[in-house]
Structures are given as C-alpha cells and as structure tokens.
Amino acid sequence: ACGVPLGALQRVVFSVPGTVDIEEMSAPSEPVQVRNMPSFSPKFRGFNFKAEFAAVFPNAKISAVPDNMAAALGVAHAAPEAQNALVLVLGTAPAVATFFRDPSKKHKYVESAIWQSWVWFTKIDLQDPYGYCGGLQLGDDGRTLRLRPPSSYKIPHHQARIRFALDNATWERLRGRCADVPSGVQGHLSEEAATDVWCARLEAALSALALKFHSVYGPPEAVYVLGGNSTRCHGRVTETSYCIPDSAKQLRRQVPVVIPSEDTEQQRICLSGLLYSAGFKVKHVFAPGQDPLARGWTRGGELYIWVSRQKQEADKARSRTPSPLRSDLTRKPSTAPGDLRKQLERNRRLRAGTVTEGISPDGVELPARAPAVRESWSKEGSHRPPSAPGVVGRARSARERGREGDRSPFGKAGGLR
C-alpha cells in the first residue's frame, strides 16, 4: 500500500456503511464489528474487521466506523469551535449523524449519534409534482416493515419520507434517466430546473431535521450537508429555519447551513473523521434495542461516547500514583517492641530535659524543645494544668508546689495520712 509494508502499519480504521455491534463492546474498546443498516436481510449478521484482517495487519490496531459517523467526527475535527452540529450525508440513501461536545468545556468526551429514524420516518411536504419511488410498506401485523421495490412509485404525491425524497434515484428521475420507472412519469428536467427542485426539497428536509435535533440537544449551531448532489446546492442553500417548539408566538430560529463546494473537500472531512476517531476510545454505546437490523433507524438514535485516549491514560496513571501526603497520613505507626522502647525512652528524657537536638557552632549540645502547647483553663477556673519542663506556660512557684504536696494523699513526707 503506497510502498508501506502492511506489517509495519500500527493503526487501521475502516469506514463502512452500517452500525457498530453492541454485543461485541462489553468494555471500552474499539468498534470492530459493523452490520449493515438497514439491510432488511436476516442472513447478513455482520462483518468482524478485526478478526478478518488480523492476518493482513498483524501489528495494527483495527477498528471500523460507520461512514455517516465518520462524517460527523470529521465535522467536529474541522470545526473545533462548534459545540454541536447536525450532519446530513446524501447518497444512495440519506443518513443523519450528530455530534455534541462536553458542555463543561473540559474536553472530557465527544458524543456522536446516528439518527436513521429521522430520515426513514420523517415526512416532508413536496412543492413539486414529481413524487417519489420506493417507500416502506407496513405489514399486516402492524409492526413489520418491508421495503417496496424501486419500481413502485407515487407520482405525483404531496409528501414523502426524507429517505425517498433525496436519494440518488430521485435525482435520476428528475433528469429523466431512471431505469426503474416508466419514462412518462419522470421529470426530464434540465440540470438547472432539477437543481431548483432538489434545493427546495433539501430546505424542507433540513428544517424538519433541525427541529428533531432541537428536541434532543437544543438549538443546533450549524447544519452540514455532505455527499451525493450536495455540491449542487452550494451557494443556494445557506440557512434553514424551524419553528421553536412550545413558543407562544411561533418564533422561528435561523440555523446556518454549510455545504462544501468541492467533492475533494468533502472527502477530506470524512477522512479526517477516521483519523480523529483513532485518538478516542468508545466508552459507552446506547441504542434502544439489541438487534442492529431493528435498532437505530426504527426505534430512535444510536449514541456513542468517545473518550480521549490521552486523557484516559493520564487519569489511569494519576490513580496509580499515590500522593505523598496521603501516604504519610495513612501510614500506620510501628508497633515493634524495640520502637516502643525507644519512643518511651525519648519521652522520659524529653520530660527530664536531657534530649539534645544538635550541636551549636561552639560545640555545645542544644536541648530539644517539646512542641509548644497552649495552657488551657476550665470555665470554672478550679483546675489549672501543671506546667512541664519545655512546655510553654506559667512556671509554678514553690508555695504552689507546697500546696500541692499538702493536698497529696501521701502528705509532705510521702507517707499515708
């Protein structure tokens, strides 16, 4: 590969259409198994990139990232000042992804999500007579969904799901070059007229998706459109708006739309997302349902929490290194008999004033000083603690010492009274 031995590679990241298998991610690790989403085929149960390419890249760490999530991470890398963004990737089937940074501004994590349900089930009004092809069909049980054949169509129609309103087949049909439907129901429009229809549908889709984003994360800072025929809308679609939910006066919020003008620029964004993901570990994955053929796009979103590798390793190193202060506080005193005898002897000599703490420049031993303590008095004033040698306090007079001897049970001579 470009003159580099495959055995010398240390990091390989694949970008594929699909979703990460949650069952393979019981701990913070690399997403390696990706399943198609949606494939509508129970026979396809996923492809484990780590197991299949271990022999090809023996020394590399292998991971796989869904392509629409790579686009969202690429936008997060390209716009470090953005707190969040909505990313729409056009193509054979439109896909939606989002990213949301740590609100504490400490860069602890980046949350990305795949929202296929937004494009598969959100309908938009069509202001043109060209309808849509394909679609979804609800089964007799009211729960099973089946994909209609591409030859089926509803032309004209007043609304369509975003998935079937902005796919590649729609563009081909607008130009009159779709082989799946009769020529009489196609648009046969010029490129300029087809672009106008395409931009009108894109504006309606972005307005509906921005409202979906607002219901989960709050107002989006920007909307990015990549892939497919998005470059045709560069300079034509520059902002979108949606009605703020629960607003008394039906206020509308304006959101800027970013569409790169060149395909190469869009490709760099997706590739930078793959490189950006290599610096993170997936700490947590959440999706409503375990079956990737049913979750993510039919029941809501699929959320991934990406934690920086450097920050995680620094936290682990910090937890393994004990604090010197903590080690001193938690250190238990020695209970060896020899140590106890030494401590008792030092205490006795300290009370007698014979412990030295060093030699002065003149060669005279300096007596050790006991820690200064403050003489305490009781509230009643009936007891005054005696002052020991080396302890800060008022010295007792001979009269006071004599009075204490009189109060002693042994008397002045030390005998019993």
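Analyst: Strands here, of at least two residues (E), and helices, of at least four (H or I), are DSSP runs numbered from the N terminus. The model is a predicted one, in which local features need pLDDT of at least 70 and side-chain atom pairs count only at pLDDT 80 or more, whereas totals for chains, interfaces and linings use all residues. Residues are numbered from 1 along each chain as its sequence is written, and side-chain values use heavy atoms, with hydrogens and water left out.

Strand β1 pairs with β5 (residues 61–66) in the parallel sense, over six bridges; two strands pair if DSSP finds at least two bridges between them. Within this pairing, F14 stands opposite A64 in β5.

The salt bridges come next. The term refers to a side-chain nitrogen of Lys or Arg within 4 Å of a carboxyl oxygen of Asp or Glu, and by this rule the count comes to six. One of them joins D128 to R201, with the closest N and O atoms 2.8 Å apart. This pair links distant parts of the chain, 73 residues apart: D128 is in the loop between β9 (123–125) and β10 (132–133), and R201 is in helix α6 (residues 191–217). Both D128 and R201 are buried. Buried means under 20% relative accessible area, exposed means over 50%, and partly exposed lies in between (1.4 Å probe, protein chains only).

A further salt bridge is formed by R177 and E172, whose closest N and O atoms are 3.4 Å apart. R177 counts as partly exposed because its relative accessibility is 48%. E172 also counts as partly exposed, at 28% relative accessibility.

The side chains of R236 and E192 meet in a salt bridge as well, at 2.5 Å from N to O. R236 lies in the loop between β15 (223–226) and β16 (239–243) and E192 lies in helix α6, so the pair ties together parts that are 44 residues apart in sequence. R236 is partly exposed, with a relative accessible area of 35%, and E192 is partly exposed, with 47%. Salt bridges that share partners join E192, D196 and R236 into one network.
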